[in-house]
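Here is a friendly walk through the pockets, the cavity and the charged pairs of one protein model. Please keep the structure open beside you as you read.

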Amino acid sequence: MFTPIHTTLGALLLFHGSTGLLVHNGAVFGISSLLSGCAFNSSRDNVPIIAGLASSIVPVYFLAPSLIPNYPAPPNSLASAAATLGVGFLLGWGTKNGRGCTSGHMLCGLSRLSPRSLIATAIFFTTALLTANFVNGGSNIPSCGATPCYTPMYPSGPELGFMTGAALVAAITNFIVVPRMVPRSEESRVAFSYVAGLEFGLGLLISGMADPAKVLRFFAILTDPSRFDPSLALIILFGIGPSLFTFLTKKPGQGVEKEKSVAKPTLAEKWRLPTATVSDIDWRFVVGAASFGLAWGLRGVCPGPAILRTILQPTWGLITMGGYMLGNLV
């Protein structure tokens, strides 16, 4: 169902997590590379963020459990396990060669006006849209029963209190506490990495991005408008929009003159931003983005939500993450 309040508040948390990591730590919130880094080259740059993202389940589980997605049943046969492994492989191989996913390219890349990310996003989003609607006749897109999926649904009192509180605490942390009270140091940078991951994970759960059914319904507009859920369009307005505004006003990493840009991140000594350009695009980048889009359109899952689902549904996670890591090794 269309959840304008849930998704708006969740999108703001995605903004706080991703743009906070950029402005305060000087890094891009690319979950696919962070996840692969945790597996193959763990460090202070990736482990705290993934730990924060994973731990976002805890406050939701205890304070607003209705925000936990209702996932499809995990694989219960060799055929379904093989299919799940294959989707995981596409996610891993695709994000490795496409150099990112919805977080790094769509949320962070578009808000930094990266032409390379624009191309990647266009490829994987178009592929996902076509896959969801035309593979298996669009049967992967679940309906909402007798009620059209574009019908608005509003949060309960406890849900609204939890979501509003989370967004408010994130805003106070990012705009007041960190820039005014936290010293620039390695310890502060690592601590905020965890906080950024926590904010981002809460954003995934609250916005609906962690719910594969909701993601697939967002793609349904081509073939069955009754199954179309427009919620995730609000992430463009309240996730990418504020991030773009921050980038245009602060110009992080674009110089050293204070009147033109932020000379240093709040907590780190230097910027760690992508340096690749459109000229670095090759066939593997294009095919990788398309492969990720294929997996996204088949199951409605990308790397960040996959981490959350792995914790909540370990059988699915073991198989999917096995395929993901295998795809990263090929």
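## The largest pocket

Lining the largest pocket are 43 residues, and those nearest its centre are V28, G30, S33, R99 and P274. A pocket here is an open set of points on a 1 Å grid over the protein atoms alone, with protein on both sides within 12 Å along at least five of seven lines, and lining residues have an atom within 4 Å of a point. The volume of this pocket is about 870 Å³, where a volume is the space filled by probe spheres set on the points, which are joined across faces, edges and corners.

The model is predicted, so local features need pLDDT of at least 70 and side-chain atom pairs count only at pLDDT 80 or more, while totals for chains, interfaces and linings use all residues. Residues are numbered from 1 along each chain as its sequence is written, and side-chain values use heavy atoms, with hydrogens and water left out.

Which helix gives the most to the lining of the largest pocket? It is α2, with 6 residues; helices are DSSP runs of H or I with at least four residues, numbered from the N terminus. By class, this lining has 15 nonpolar, 21 polar and 7 charged residues. Ala, Val, Leu, Ile, Met, Phe, Trp, Tyr, Cys and Pro count as nonpolar, Asp, Glu, Lys and Arg as charged, and the others, Gly among them, as polar.

## The second largest pocket

The second largest pocket has a volume of about 400 Å³. It is lined by 20 residues, with T3, S66, M153, D211 and K214 closest to its centre. Two or more lining residues come from each of α1, α9 and α10.

D211 sits in the loop between α9 (186-207) and α10 (212-218). D211 is buried yet has no salt bridge, and R217, the nearest side chain of opposite charge, is 5.5 Å away. Buried means under 20% relative accessible area, exposed over 50%, and partly exposed in between, with a 1.4 Å probe and protein chains only. A salt bridge is a side-chain nitrogen of Lys or Arg within 4 Å of a carboxyl oxygen of Asp or Glu. A polar atom of the D211 side chain does lie 3.1 Å from the backbone nitrogen of A213.

## Salt bridges

The structure holds 7 salt bridges. One of them joins D229 to K214, with the closest N and O atoms 2.7 Å apart. D229 lies in the loop between α10 and α11 and K214 in helix α10, so this pair ties together parts that are 15 residues apart in sequence. D229 is buried at a relative accessible area of 0%, and K214 also counts as buried, at 7%.

R44 and E186 form another salt bridge, where the closest N and O atoms are 3.6 Å apart. This pair links distant parts of the chain, 142 residues apart. R44 is partly exposed at 47% relative accessible area, as is E186 at 33%. Both belong to a network of salt bridges that links R44, D45, E186, R189 and R272.

## The enclosed space

There is 1 cavity of 30 Å³ or more, a cavity being a set of points where a 1.4 Å probe fits but cannot get out. The largest cavity holds about 80 Å³ of space. Its lining includes S18, L22, F29, C108 and F247.

Helix α13 (residues 303-312) is largely enclosed by the rest of the structure, because 7 of its 10 residues are buried.

Conventions
Lys, Arg positive; Asp, Glu negative; His and termini not counted. Polar contact = N/O pair within 3.5 Å; in protein donor to acceptor, adjacent residues only side chain to side chain.
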